[in-house]
Amino acid sequence: AIAAAASNTWGLCLLVLTLGYGLVEVPRSLWQGSKRGHRLSQAYFRVSKLWTERSDAEGQLEEVLTSVEAAGRGTAGVLLRSYFDTIVSKVPTELMERVRRRQGRQGTNEEEQQVTEQTLARLHKQVVVALIAHKRTEAQWVEHIERVLWLEDTQRNMASFDKVFKRQ
């Protein structure tokens, strides 16, 4: 009985605290969201934060693709070559070409290693994860940039004396 009462008391206290926070924070966020200057500064902050995420995802993808290229040089055998081709087919050709050009300019200083089925499986998983992260951040980047441009146009047209909305 004591444990049940304590858990009910804890649950009610937690409910009151979260509802109290929600009762204050929801109207505050709606009020702050109605101010155009505040929304624009928040959008700038989100874009700058997303820029670092995007560059990290792109760097990680290039590292993985460099590993794929190195594994391609060490792949021997028909079965392993078909597995390697499956991995390469998931990568967009322009990304793979960019990695090949960079390696051509920098030179290949990695020693060739024997590639096994397990290393190809691990490499395949890394490629899939890196591609998903890259595509996700790229899509978020495009959407946030469009939002910032819309807010900037709105801000600029609010200060304009013309009565016609002009996109820049």
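**Rings and helices**

Start with Lys35, which lies over the face of Trp31, 4.6 Å from the ring centre; a charge sits over a ring if NZ of Lys or CZ of Arg is within 6 Å of the ring centre and within 35 degrees of the ring normal. This is a predicted model, with local features needing pLDDT of at least 70 and side-chain atom pairs counting only at pLDDT 80 or more, while totals for chains, interfaces and linings use all residues. Residues are numbered from 1 along each chain as its sequence is written, and side-chain values use heavy atoms, with hydrogens and water left out.

Now for ring against ring. The count comes to one aromatic pair (Phe, Tyr or six-membered Trp ring centres within 6.5 Å). Trp51 and Trp141 have ring centres 5.3 Å apart and planes at 55 degrees, so the pair is tilted (under 30 degrees would be stacked, over 60 edge-to-face). Trp51 is in helix H2 (residues 36-74) and Trp141 in helix H5, 90 residues apart, so to speak distant parts of the chain linked by the pair. The axes of H3 (residues 78-89) and H5 (residues 117-159) come within 10 Å and cross at roughly 5 degrees, with axes fitted to C-alpha atoms over the stretch in contact and angles running from 0 to 180 degrees between N-to-C directions. H3 and H5 are therefore roughly parallel (angles under 35 degrees). Leu80, Tyr83, Phe84 and Ile87 of H3 make the contact with Glu117, Leu120, His124 and Val127 of H5 (heavy atoms within 4.5 Å).

Terms used. Helices (H or I, at least four residues) and strands (E, at least two) are DSSP runs, numbered from the N terminus. Angles under 35 degrees count as roughly parallel, over 145 as roughly antiparallel, 65 to 115 as roughly perpendicular and the rest as oblique.
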